[in-house]
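Here is a short briefing on a protein model. Look over the sequence and the fold first, then read the points below.

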Amino acid sequence: MEAAPVPAPEPFRPPGSSVLSLDFERLRSKLLTYLKPEDVGRVEAAYHFSASAHEGQFRISGEPYISHPVAVAAVVADWNLDSQALIAALLHDVMEDTHISKQEIAERFGKTAAELVDGLSKLDKIEFRSQEEAQAENFRKMLLAMASDLRVILVKLADRLHNMRTLDCVRPAKRRRIANETLEIYAPIANRLGLNNLYRELQELSFEHKYPLRFRVLSRAIKAARGNRREVVGKVLASIEERMPQWGISAEVQGREKHLYSIYRKMVEKHLSFSQVLDIYGFRVIVPDIAGCYLALGALHAMFKPVPGKFKDYIAIPKANGYQSLHTTLIGPFGTPVEVQIRTREMHHIAEAGVASHWLYKEDEKTLTELQQKTHSWLQSLLELQNTSGEATEFLEHVKIDLFPGEVYVFSPKGTIFSLLKGATPVDFAYAVHTDIGNRCVACRINGDLMPLRTELRNGDQVEIITAAHANPNPAWLSYVRTGKARAQIRHFIKNAQQEESVALGERLLNQALRPHGLTLGQISTFAWDRFLRDRGVRSKKEIFSDIGLGKRLPVIVARRVAQAQDQESGRPDVIKPKPAGAILIRGSEGIAVQLARCCQPIPGDPIIGTIRKGQGLEVHLHDCPTVAKLRGDRGRWVDVEWEAGEDRLFDVTIRVLTKNARGVLARVASAIAEADCNIQNLNMDNEQGAYTALNLTLQVRDRMHLAHVMRAVRRVPEVVRIGRLRGDGRAG
Ligand code: MN
């Protein structure tokens, strides 16, 4: 990975730190067992540099701060990691706590070490807060994605381990938060990477600090139980050690204590009391090869009866993190169940150190590249193995983002994590949150700063989108959005907007072209439109408007045909035609086709409201029309409209008159209407009312006052019982 070897830097010895601490002395002698002397020299230089950078800083415990990076480096050295990782461990808090730049680290210790330190500083800045399962999952993914180099994660885990080991000095509330974060985030990552020892220790420490009381009670109970069972355990151990050679197996037998946290989990999950959790003690049998594993299993089952259903073959089917072993539970002396794990030496190494096992147990001298390749192929083989089980696919994703980072993880202001395609911008983020947020987005803040919408997002960014109510997507966004959703939504919006524009333009052009025919769009009846559309096989008026707007049809020609259709309808003999006296004048409707709603038949003087219906212009309803009430919450766009004075035409309105059945009633009602200077446009009768008849009369009136005058005249007819205007719902009101 390292391109060119970095020359060992000049010894860095500022006054006051020329003496090596005891802890570092110990680390140094450990390093000399597996690193080249010049690499140890580099690590030592990093130690001095870090010590002087942290000079005067102390941990909460009161120790000089440098003790922490040295302890972290010691954990890293336990895994036999390379000098770059050790330098990063020693410098991991330097950028955060002092004012030393990445540049300076790169100059002193090389680019790789600087990248590692930088990666660690970034991980430090993010904090896990939510308790939600899904969030924890995303958070883990994000951590893995941010650590583009596996060594960053390993050093981070070592850092967390040391912080957990020294958590006692921290105040209780913070202690619980950190313990929880470790349990939810870091322990599972250690588990996924197969770092089992680390995983167990992180769990134990988290348990101790999250539930101090439960931890104390349980550890006391286990101590007591172990005392009681010492005899049984001793007997089992002795007889296994004795028997194995008799079967020709050279085995190493170890006693194994169950971890507190796993006992606790078992109690919680299976609702058991402590005394019901019997298998708190187990054994591990380590043999030279796989054949030996099955042989040892046979020997054990011959010695003690196995508990049925407890045998698991993780050699044939390894766990998701690569773990392999045979597990069985035996019934020991006095009926105590005893758990046994059987594995080879190599399986044992992987079981304990997982991904780090290749550094830790390298057989001979290997270069870093070789080790990385080996690790890489280890992860790859995990991937292949993952494809078979469900849990596995999950792990696959984690390793994938580690090895092939193609995603970026960012926070919303509320702390929700969104995963986006690498290279995504705030616009992509806005559309990921919600289409409306995307459509109305005008600006953004990244980590609190106003930034251009085209900024490429980085892992861990907190993104806040600023929207404006009337903003629209900008076609220029298409040049930089990365996600399919954003692209599709922007395209959709632009297409719609173009469509609407051409419809509006077409409508205006047609209206103009109708003028020479003495018509406006508002006067073209639905009937005429239907005829016109049917003859041309077109589905909607909107399509005609859009065609005109786009130049596909000539407005003059369409106007002529529409006018013809209208004339044909108006020519029907049964219609008493009001003289068209120009457009219906409604204030605020300039240039828009106006239609009076058929459901409520508004007339001048009525309180009205308009709705713009796509492709049909403005439709005017009574303010209290039931249709309006139904649609108000709907998508309909409502506009306030008023009648314009000076209207000189007649309007249809329907009234309902209930009369007693008597000879000549209809004639009397009709003549009352005529005397009030009003035409009857249409009449239908409903006789099935027994002694009464209901008349629905469509009248032509000038306005509300005219209608009131007509209704007063009708009410004077003696047989009329009730009279009212017919509303949208068919009831008289
Ligand atoms: Mn630290």
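Predicted model: local features only at pLDDT ≥ 70, side-chain atom pairs only at ≥ 80, totals over all residues.

Residues are numbered from 1 along each chain as its sequence is written, and side-chain values use heavy atoms, with hydrogens and water left out.

**Overall make-up**
- The protein chain holds 27 helices and 21 strands. These are DSSP runs numbered from the N terminus: helices are H or I with at least four residues, strands are E with at least two.
- Of the 733 residues in the protein chain, 48% are buried. Buried means under 20% relative accessible area, exposed over 50%, and partly exposed in between (1.4 Å probe, protein chains only).
- Take contacts in the protein chain between residues at least 6 apart in sequence: 66% join residues at least 24 apart. A contact means heavy atoms within 4.5 Å.
- The protein chain exposes about 36,700 Å², with 51% of it supplied by carbon and sulfur atoms. Areas come from the Shrake-Rupley method with a 1.4 Å probe; for residues, only the protein chains shown count as cover.

**Manganese site**
- Protein donors of the manganese ion are His68 (NE2), His92 (NE2), Asp93 (OD) and Asp159 (OD), at 2.2 to 2.6 Å from it. Donors are N, O and S atoms within 2.8 Å of the metal (3.2 Å for Na, K and Ca); water is not among the atoms, so sites may look incomplete.
- Along the chain, the donors of the manganese ion are spaced as H-x23-H-D-x65-D.
- Histidine 68 sits in helix α3 (residues 67–78) and aspartate 93 in the loop between α4 and α5 (94–97), 25 residues apart. Both histidine 68 and aspartate 93 are buried.

**Aromatic pairs**
- The whole structure has 12 aromatic pairs. Rings of Phe, Tyr and Trp (its six-membered ring) pair if their centres lie within 6.5 Å; planes under 30 degrees apart count as stacked, over 60 as edge-to-face and the rest as tilted.
- Phenylalanine 49 and phenylalanine 109 pair edge-to-face, 5.6 Å centre to centre with 70° between the planes. Phenylalanine 49 is in helix α2 (residues 37–53) and phenylalanine 109 in helix α6 (residues 102–109), so the pair ties together parts 60 residues apart in sequence. Both phenylalanine 49 and phenylalanine 109 are buried.
- Tryptophan 529 and phenylalanine 545 have ring centres 5.9 Å apart and planes at 90°, so this pair is edge-to-face. Tryptophan 529 belongs to helix α22 (residues 526–536) and phenylalanine 545 to helix α23 (residues 541–549).
- Phe207, Tyr211, Phe215, Tyr261 and Tyr264 are linked by ring pairs into a cluster.
- Arginine 214 lies over the face of tyrosine 211, 4.0 Å from the ring centre. The test is NZ of Lys or CZ of Arg within 6 Å of the ring centre and within 35 degrees of the ring normal.

**Hairpin**
- Strands β7 (residues 407–411) and β8 (residues 417–421) pair antiparallel over five bridges. Strands pair if DSSP finds at least two bridges between them.
- Phenylalanine 411 has isoleucine 417 in β8 as its bridge partner.
- Five residues lie between β7 and β8 in this hairpin, and glycine 415 in the turn has a positive phi of about 95°.

**Leucine 86**
- Leucine 86 is in helix α4 (residues 83–91). Leucine 86 is buried, with a relative accessible area of 0%.
- Not counting residues up to four places away in sequence, leucine 86 touches residues including Leu31, Tyr34, Val43 and Val76.
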